[in-house]
Every structure is written in C-alpha cells, then in structure tokens.
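Please read it alongside the coordinates.

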Amino acid sequence: MHQKKINIYIPIEIKKRELLSKIILSKFIIKNNKKKIRCYIGSKTQIKKIISLKKNYGGIYLYNGGLPYNQLEKIKKKIEKFIVLDEEIGPASTDSLERTITSRLWVGTEKYIDKYYVIGKYASDIVAKVWPKLSSKILVTGWPRVDLWRPEFSFIYNNSVESLRKQYGNFILFSSDFSLNSIKRINYELNYWKDSEWKTLSKNLDIDARGKKNFFEFQEFIKLISELDENIDIPQIIIRPHPSEDLLEWKKLGKSLKRIKIIFKGELTSWVYASSGVLHRGCTSAVEAHMAGIKTGYIVTNKEWIRKSLPYQVSEHLYNSNQIIEFCKSNISKKPLPPKEYIEAFKNTIRVEKIFACEIIAEDMIKFDLTSELPFNCNTIYNISDTLKVIFIKIKSFIIKLIKKLKDGVLLPDKIPGGITKKEITNIMDNFEIDHKLKIRQILIDCVEIEE
C-alpha cells in the first residue's frame, strides 16, 4: 500500500555538476528520521511534468535559482515551499558577486521564495543587500557540492580516480572556464538571451563586453598553451573544457597540439583528485583542489584580467610559461596535503564546519509544517507515451544542435548526458553507503523516486 510522505522535487539542469551532490543530499534528507520523506530527482522538464500532473497541494521544490513570475505562480499553486539552493553564487564569482546575484531572480518574485540557501557569509550579505525582501529567508548552509570536496567524502571518487590515473598516469590538469571562448559562442549567447524569457535580466550580465574579454583571454591562452606544447620537458598537461564552452574551438586547438591533451568527459572532481596539480584562471576547481591539498596555479595572461576571488587567493600566481613549467615540474609527483586550517577569506566565502551542508539543509527543510502526499504514479500507457515523447524531443534537439553546429559553428555539450536512470543512481547510492536500504524507482524517463 502506498504511504503518504512529504514529497521533495529536485530538478537537475547540468548533470555533471549537480546530480551527484543532489543524490547525496536526498539521502541525508530521507534519513533524518524525523519525518517520512521521498525525493524526486529528474530533468527540469520531467519534474515540471510531475508537478503539472499532481492533484494535491504539498511538498518542496528545491531549485538552483529563481524562476520567472508566471512559472513560480504555477508552481506555488501545487507546491507548499519553493526553496533556492543557489549554486551559481560561488567562490569563483566573489569579485563580481553583486552583479551575479542581481541576475539570479526576477523582481517581484521574492514573495514566492520561502528559503534561500547560500554557500557562505559573504554571499549572504550580498543577497540581503541586493534583495532586501529576502533578508529573513537567507540561511548560510554551505553547499552539498562542497561537502563532496571534503576529505571525508573522497572515497566516493576512488574508482574513477584510479581509472583516470591508470589511463593517463601523472598529469597536471588545466580546468577551463572561459565559457564564451569563440565569437560564434558569444553570438549564440546573445541570441539566446534575446529570445529568452530571462531577456529582461540580460543587461546585468553584460554578455557582449564580458564575452569579448573572455574570448581575447582565450586567444592569449592558445598562444601560451601552444608554446608549452613545444617544450618536451614539461609534464603531461590535460585540458578539461567547461560544460558551457564551444567544444569545436577546443577540437580545433586539439588538432594542433602534440603533447597536451584536451579531454571532455567524466565528473570534474574525479579529474581534480586524479591530478598532481591544477592550473586555472579563477574557477571553482581551484577550491576543490585546495581542500584536497593539491597545489593550484592561477595562470595570468594579462594583469588587467585577474579575478581576485577565492581561487586566486589560494593559488600560486603564474605570469609566464617558465613559471608554469616550474609549477608543473615541482608538483607532478607531490602527495596531496590538505590544509589544517583555512584562511579567513575562505571561511568568509565558504561555510565548512563539522556539520555538513547536507545535514543543515535536511534539518531546516523538515522545520516546515508540510502536507504529506501519496507517491507520483502514472499508468503504463502514459509512461510509454511519455518515454516516446521524450525520445522524440531528444532526437529533435540533437538535430537542431547539429544544424546549429553546421550553421553557427558552435558545439555545446549535452546537459543531461545518458539521462537520469535508476541504475546510475543506485550505483551512486551503493558506492556511498553499501547498506543504505533506500528504494529507487524509475517513474518516468529521466526521473527517479527515492525513499525508504
């Protein structure tokens, strides 16, 4: 017999960045033992579909940012609490945090947000300044993603790290985050915002100016990496493109390189842990490496482009190819040495304390007086029909992406590669805790239900 429980709906936008931490978070929420809870994890489209089909009012919608007024209004007719766990306002954006936070919400939608979870005190202060109506709803929790960067959770990545080391040996990782790394990619982004329901907020992002700066920096980086590629003494460097970058540009560069590899696959943290050192230009992976005790080097191609955020503060600053070569040589065989204590800038930016972010979020969620609901169910005919529709949409999306690739010359990665499946989530749960006793059910394509 189906049991009534509190339903929590967790949409995934970028699988490689979000899925693992959201699965572990769901485990903490369900195992809190104070209330009976079930979690639904799926693509944004499928979670939206479940909510549109549900007949009762209840549950929590946990999202990574704001939504347009009309969407939030619809959600709040079916969902009791809308909670934001903002994983965009992170340690790599502290030098431009006010601008970033301004672009995260629609003006007038604050009333629909019941809680706003942030990574640290600095972000909390800026959110309160930019969105004063949210002041009483902000909670400094840290991030579930950051939980997974802590030494206590490193065992999760053991198998993937071992596989990478076996395949590539000792290497230095360059973690890219140019994002807008080609003129075509910039134009693609401008057109997206022009046609998007978020277009009223695009002025806050300053895409044209920021994109051109990133592109010029990328061009300088190409010169630098080509010079490094000619040096036969430098240890193996592997470049991992960012999920938002134009992969065609990286493929073009890869054809001209002899020794340096460009590889886009797998989850970033595994690559960080498998590396002997991390090169970057201000991205969050530097913080991951720092927490793991892996040395990090900030590549400065132009002093005017330095982002003086936390990744810069915890890294060695490398101004030319000789300094990069020396960094690679001196760190290629060093063992990681996690810091005994974090600097004040780190502690102000990221909450990392004895209690995990997952625990704080789970504890805070159950404080709400929530209505219990039956699980989502659909008949076999609907499930087959929905599966066929989603497959059709994916094929259509692939064709559109292929046309855009040929027309616009831009190739962007799939946001949900391989879908969201019971098998994958079961494997992740089993890897995290062998005797977890959680039931995982595929309820729709790209959407699963997790409960005890």
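The points below are grouped by topic, after a note on conventions.

The model is predicted: local features need pLDDT of at least 70 and side-chain atom pairs count only at pLDDT 80 or more, while totals for chains, interfaces and linings use all residues. Residues are numbered from 1 along each chain as its sequence is written, and side-chain values use heavy atoms, with hydrogens and water left out.

**Helix α1 against α16**

- Helix α1 (residues 15-30) and helix α16 (residues 357-365) have axes that come within 9 Å and cross at roughly 50°; helices here are DSSP runs (H or I, at least four residues), strands are E runs of at least two, and both are numbered from the N terminus.
- Axes are lines fitted to C-alpha atoms, for helices over the stretch in contact, with angles from 0 to 180 degrees between N-to-C directions.
- The pair is therefore oblique, the class left after roughly parallel (under 35 degrees), roughly antiparallel (over 145) and roughly perpendicular (65 to 115).
- Ile24, Leu25, Phe28 and Ile29 of α1 meet Cys358, Glu359, Ile361, Ala362 and Met365 of α16, where contact means heavy atoms within 4.5 Å.
- These contact residues divide into 8 nonpolar, no polar and 1 charged; Ala, Val, Leu, Ile, Met, Phe, Trp, Tyr, Cys and Pro count as nonpolar, Asp, Glu, Lys and Arg as charged, and the others, Gly among them, as polar.

**Helix α1 against α18**

- α1 and α18 pack at about 60°, with axes 11 Å apart, and are therefore also oblique to each other.
- On the α1 side the contact includes Leu19, Ile23 and Phe28, and on the α18 side Ile425, Met429 and Phe432 are among the residues involved.
- The contact of α1 with α18 comprises 9 nonpolar, 1 polar and 3 charged residues.

**Nonpolar cores**

- The largest nonpolar core has 101 residues, and those with the most contacts inside it are Tyr61, Phe82, Tyr116, Met365 and Ile450; a core is a set of buried Ala, Val, Leu, Ile, Met, Phe, Trp, Tyr and Cys residues joined through side-chain atoms within 4.5 Å.
- α1 supplies the largest share of this core, 8 residues.
- A second, separate core of 24 residues includes Ile225, Ile234, Ile260 and Ile299.

**Positive phi outside glycine**

- Lysine 437, in the loop between α18 (422-432) and β13 (439-444), has phi near 60°.
- Lysine 437 is exposed at 65% relative accessible area, whereas aspartate 446 is buried at 7%; buried means under 20%, exposed over 50% and partly exposed in between (1.4 Å probe, protein chains only).
- Aspartate 446, in the loop between β13 and β14 (447-451), has phi near 65°.
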